[in-house]
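The following exercises concern a single protein chain.

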Amino acid sequence: MYYLYKMQDWIYECELFLFLAEVHFIDSKVSPFCYHFCHFLTGNKLDEMLNTLEEKYCRCLNVHGCVAKKELDDFKNIVDSITLEKWELLSPEKINVAQRILQKLAGGLRNDIIQISKEKGYPILYNETELNQ
């Protein structure tokens, strides 16, 4: 479960990172790099975390199937463009796309955490109806 929670932390930080990038288009003085993040918010880091989850749990997780490959590639490109400060390759619309994809990843991860907790006999923290929404 440790790796699932670590990915959840990454998603929370990435959400703030994308929000700050979105604000950058309103006020260019606002930049994600003015803030301290605990994780490296790059496409490679996401790949590394997804690979670790796949190796650790050796089965199909919701987080792997909740976005299409093209969406995931687009997401990684957008995050990498922000990280490299290639603002000319970005727009508020692209950042909104990345935010929607991140929400899909977060939803899949949440469902994985619920399912694994249930399998291990831990108390359910969410209502059963929240699974697979």
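On a 1 Å grid over the protein atoms alone, a pocket is an open set of points where a 1.4 Å probe fits, with protein on both sides within 12 Å along at least five of seven lines, and its lining residues have an atom within 4 Å of a point. Grid points are joined across faces, edges and corners, and a volume is the space filled by probe spheres set on the points.

The model is predicted: local features need pLDDT of at least 70, side-chain atom pairs count only at pLDDT 80 or more, and totals for chains, interfaces and linings use all residues. Residues are numbered from 1 along each chain as its sequence is written, and side-chain values use heavy atoms, without hydrogens and water.

**Exercise 1. The largest pocket**

Task: State the volume of the largest pocket and determine which helix gives the most to its lining.

Solution. Step 1: the volume of the largest pocket is about 170 Å³. Step 2: the lining residues include Gln8, Ile11, Tyr12, Gln103 and Arg110. Step 3: helices are DSSP runs (H or I, at least four residues), numbered from the N terminus. Helix 1 and helix 5 each supply at least two lining residues. Step 4: helix 5 gives the most, with six residues.

**Exercise 2. Aromatic pairs**

Task: Find how many aromatic pairs the whole structure holds, and classify the pair of Trp10 and Phe75.

Solution. Step 1: rings of Phe, Tyr and Trp (its six-membered ring) pair if their centres lie within 6.5 Å; planes under 30 degrees apart count as stacked, over 60 as edge-to-face and the rest as tilted. Step 2: a search of the whole structure finds five aromatic pairs. Step 3: the ring centres of Trp10 and Phe75 are 6.5 Å apart and the planes stand at 65°, so this pair is edge-to-face. Step 4: because Trp10 belongs to helix 1 (residues 2-24) and Phe75 to helix 4 (residues 69-83), the pair ties together parts that are 65 residues apart in sequence. Step 5: Phe25 and Trp87 also form an edge-to-face pair, at 5.9 Å centre to centre and 85° between the planes.

**Exercise 3. Buried or exposed?**

Task: Decide whether Trp10, Phe75, Phe25 and Trp87 are buried, partly exposed or exposed.

Solution. Step 1: buried means under 20% relative accessible area, exposed over 50%, and partly exposed in between (1.4 Å probe, protein chains only). Step 2: Trp10 has a value of 0% and is buried; Phe75, at 1%, is buried. Step 3: Phe25, at 31%, is partly exposed, whereas Trp87, at 15%, is buried. Step 4: the cover of the buried residues of helix 4 includes helix 1, helix 2 and helix 5, where contact means heavy atoms within 4.5 Å.
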